[in-house]
Amino acid sequence: MTGADLAVKALEENGVKVIFGYPGASNAPLIDSLSRSSIDYILTRNEQGAAHMASGYGRVLHTAGVCTATSGPGATNLITAIATAYMDSIPMVAITGQVKRALIGKDAFQEVDITGATLPFTKHSYLVKDVTAIVRVINEAFHIATTGRHGPVLIDVPIDVFQSEYNGDGDEEINLRGYKLPGRANETQLKKAADALKKSKRPVILAGGGICCSGAEKEVNELVNRTGIPVISTMMGLGVIPSSDERFYGMIGSHGVRHANSILNRSDLVIAMGTRLGDRSVANAKGLEDADKLVHIDIDPAEIGKNLQPYIPVVGDIKEITLRFIQVIGGYKVDDAWKEEANELRRSDIYTPSGENTGTVDPRYFLRRLSEITKSQIYLTTEVGQNQIWCANNYNVKKPDRFITSGGFGTMGYGLPAAIGASRAQDSIPVVAVMGDGSFQMDLPELGTMVQYHIPVKMVLFKNDRLGMVHELQYTAYKSNYQMVDITGGNPDFEMLAKAYGIRSGSVSENSYVDAAIEDMFADKESYLLVVNVSPYEPTGDSLNDKRLTERR
Amino acid sequence: MEKYTLSVLVENHAGVLSRVVGLFTRRGFNIHSLSVGTTKDEKISRITIEVKGDDYMLEQVSKQLSKLMEVIKLKKLTEGDMVKRGLILIKVKATPKTRGEIIEVTNVFRANIVDISETTLTVEMTGSDRKIDAFLRMMENYGVEEIARTGMTALERGASTLRLN
């Protein structure tokens, strides 16, 4: 067998069903071997699309999505998507071809040091210099990507390693003595946290994306059911408690809602679960630290104290910790007065779209109608920008893995390929990609991938002919000096574009037609592009830009 | 800013040092000195790193280093509980008049003359940072042509060792 055959066999044994990729000379042996395996491939239009698709695919199936690219530019095109996965702790295995071993370091054609380039944003990476190691490396890569704090792993394989003959009875066993997975959470810390909760009058749970990684939604819901503690979330933690649940008080942060931030600030105990407490989530970090009210639960010990020094840290798997926590808190129930205060904060802050016709669609109204019409029985991906924040604050996310977005890295061009990956992962639940006209054009060519492989995606395009979020930033912070944000002159007729790909489309410009437009989009199972015309002055409506400006500017 | 010493056992793989050093750069930590060498187990290397910073930085450095797959074991060594040594080679100007004097100073510091030319002496000395600094200051009186100085390497005092398990 060749190295490529062995690699493909190892991929099969790790449960891989599909690989997203782009071919070239250096990964050609892998593609050749793939054709004789049970693994399907999806040819993308750009390597970045391949890795984003692997991310969307992995997030739906709770597994490591796999992508491949050739050496040099193929490998560097993966970089943005690998960094995106790293920042959101998404499991992924990326396999790149490399020039042959004798040429490494010689600036050979299409040579790049991709393991070096991706060092800062991979969980781990390999340059496979010997065919005998290839099976072990692949086994280790999947183990690393999907255990502990998840993340992307890159495997760089020189073409002559792929081509080497080897009988394949080498070291296949995982050998990672330096890989430290957290053990059981410290019981003393858990009890300290429980004691703090028992004394607390105004506790709040801050749900992060780690809850989804750990598969701990059920346990966290159980904790909330028993105690009635109000829940707020980061963007990655949306859906841990359904957005429509009365105990959920919204997303925090600069792009979250005001009442969620108020509840965070007014609380006397914050139980932060599976979150980095990043700068976009927690603006008043010093206040949180000084108040001695932060219980920080995370699987990654390096997150404890990185951004915020917690009052009580608990390191371990959230699922196990939550189960144990429920036991040690006894019959604790949160005060009604605190719940009432939180409810009042929410009541005074809530935005209710009028749904009246104004010549353009209110995207917040649109997303609420999308939630109601679909009952949120869809996978929703977003791009990055206003479209993302409108979704986060208005779409009713019912499960965390049903809301697929680039949180930490904020990568425009993520949503469309992620939706293709999500749709390829399963075909029973429709996938909706919400996009802006800026971000849509970042990975636009992947429409070709969608069509070629009959992977249906319902595309909602909020068209405002602007890079809306920066446009708004220039309104609020740069005295309306609008520069480099207007794409009017270059936008194509998006419906004609869809037609060119053979994709059915429609458009809507008035709120009163939104329901009909959404229903038309779901009339069949095929891909569909719905162009939703939005005003360039439509506010994001988040706490950063919230100047009580619900009226249009 | 305090100076801390970390002793790190790592897999003796290609690229490990760049992972370790790269981590310092991108997290904004400063390496004061660094030395690497194999251990009695040829598959394991020991990296001794001196870092300057505060407690927060030391904790973050330690945790982030521990996350690297190739970092097997890490320990913070404290001043009183370790022996720490560096090596310096000094090429110092030497005339027939000063040569004897330099040799005398060298003996006081228990350093060795390792090379000699008509106009220079090359002296080797191992010791703590302070001792090396003191010796270097003495040599500067004669005119130092060139120095080569290693990072510090260290072991715990007493019988305790940095075991794998």
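Mentor: Two residues are in contact if their C-beta atoms, placed from the backbone, lie within 7 Å. Please keep in mind that the model is predicted.

Trainee: Against which elements do the buried residues of α16 of chain A pack?
Mentor: Helix α16 of chain A spans residues 386-394 and is mostly covered, as nine of its nine residues are buried. Among these buried residues are I389(A), W390(A) and C391(A). In chain A, they pack against β9 (248-251), α15 (363-374), β13 (379-382), β15 (431-436), β16 (458-463) and α20 (468-477).

Trainee: Why is one side of β2 and of β5 of chain A left without a neighbour in the sheet?
Mentor: The six strands of this open sheet in chain A pair in parallel, in the order β2-β1-β3-β4-β6-β5. β2 (40-43) and β5 (124-127) of chain A stand at the edges, so one side of each lacks a neighbour because each has a single partner strand.

Trainee: What angle does the direction of α6 of chain A make with that of β6(A)?
Mentor: Helix α6 (134-146) of chain A packs on the sheet and touches β4, β5 and β6 (152-158) of chain A. Between the directions of α6 and β6(A), the angle is about 165 degrees.

Trainee: How many charged residues has the side of domain 1 of chain A that touches domain 2 of chain A?
Mentor: The domain assignment of chain A gives domain 1 (3-163), domain 2 (187-349) and domain 3 (363-533). The C-alpha centres of domain 1 and domain 2 of chain A lie 36 Å apart. Their contact takes five residues from domain 1 of chain A and five residues from domain 2 of chain A. On the side of domain 1 of chain A, there are no nonpolar residues, three are polar, and the number charged is two.

Trainee: Which element gives the most to the side of domain 1 of chain B that touches domain 2 of chain B?
Mentor: In chain B, the assignment gives domain 1 (2-77) and domain 2 (83-153). The contact takes six residues from domain 1 of chain B and five residues from domain 2 of chain B. Two or more residues on the side of domain 1 come from each of β2 (30-38) and β3 (44-53) of chain B. With three residues, the element that gives the most is β2(B).

Trainee: How many nonpolar residues has the side of chain A that touches chain B?
Mentor: The contact takes 14 residues from chain A and 16 residues from chain B. On the side of chain A, four residues are polar, three are charged, and the number nonpolar is seven.

Definitions and conventions: Residues numbered from 1 in each chain as written. Chains lettered and ligands numbered in written order. Predicted model: local features only at pLDDT ≥ 70, side-chain atom pairs only at ≥ 80, totals over all residues. Buried ≥ 20, exposed ≤ 12 C-beta atoms within 10 Å, placed from the backbone. Helix = DSSP H or I, 4+ residues; strand = E, 2+ residues; numbered from the N terminus. Domains from an automatic or database assignment. Nonpolar A, V, L, I, M, F, W, Y, C, P; charged D, E, K, R; others polar. Pairing = 2+ DSSP bridges. Axes fitted to C-alpha atoms, helices over the stretch in contact; angles between N-to-C directions.
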